[in-house]
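Work through the exercises below with the sequence and the 3D view side by side, and try each task before reading its solution.

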Amino acid sequence: MGLLEKADHDYEMYRDDGHLWGVPHTKSIGLPKYKQNLSVRKEYMGADGWRIVVKSYKTDVAVGWEGGELLVTEHYTPTTSKHINYAAAQLGMGVKKLY
């Protein structure tokens with residue numbers, strides 16, 4: 001089971017008790033590396049589907065739709081770029097720079 005499928009499974013399992021684990025329709029995706037400074041969350045956006053948000057050092061740095069590409073809107077440090085590329089690789093997504 002891939003990371004996105006696991007997040008789907010966890011969401012389905014806990015959606016009725018969403019108040020117990022955070023904001024309803026939002027789920028964190030755990031990655032094996034960079035746990036201290038990198039986080040990824042999956043947000044349900046209704047008919048549009050699932051939005052993936054990559055956060056590095058408390059800043060949202062990339063956004064994309066599940067099954068598509070992560071969009072990066074500005075230039076970041078090499079470490080943050082490494083975080084974005086790592087998250088994209090783990091999620092099976094591409095990276096598109098918009099700057």
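Contact here means heavy atoms within 4.5 Å. The model is a predicted one, in which local features need pLDDT of at least 70 and side-chain atom pairs count only at pLDDT 80 or more, while totals for chains, interfaces and linings use all residues. Residues are numbered from 1 along each chain as its sequence is written, and side-chain values use heavy atoms, with hydrogens and water left out.

**Exercise 1.** Find the residues with which I52 is in contact, leaving aside its neighbours within four places in sequence.

Solution. Starting from I52 and setting those neighbours aside, one finds L4, I29, V40, R41, K42, A62, V63, G64, E66, L70, L91 and M93.

**Exercise 2.** Identify the members of the largest nonpolar core that touch the most other members, and then the elements that supply this core.

Solution. A nonpolar core is a set of buried Ala, Val, Leu, Ile, Met, Phe, Trp, Tyr and Cys residues joined through side-chain atoms within 4.5 Å, where buried means under 20% relative accessible area, exposed over 50%, and partly exposed in between (1.4 Å probe, protein chains only). The largest such core has 19 residues, of which I29, L31, V40, I52, V54, L70 and L91 touch the most other members. At least two residues each come from α1 (3-14), β2, β3 (50-56), β4, β5 (69-72) and α3 (78-91), and α3 gives the largest share, five residues. Helices (H or I, at least four residues) and strands (E, at least two) are DSSP runs, numbered from the N terminus.

**Exercise 3.** Trace the network of salt bridges that links R41, E43, R51 and D60.

Solution. A salt bridge is a side-chain nitrogen of Lys or Arg within 4 Å of a carboxyl oxygen of Asp or Glu, and the structure holds four of them. Begin with R41, whose salt bridge with E43 has its closest N and O atoms 2.7 Å apart. Next, E43, which is buried at 11% relative accessibility, also pairs with R51 at 2.5 Å, and R51 is partly exposed at 25%. Finally, R41 meets D60 in a salt bridge of 3.3 Å, N to O. Because R41 lies in strand β2 (residues 38-44) and D60 in strand β4 (residues 59-65), this pair ties together parts that are 19 residues apart in sequence.
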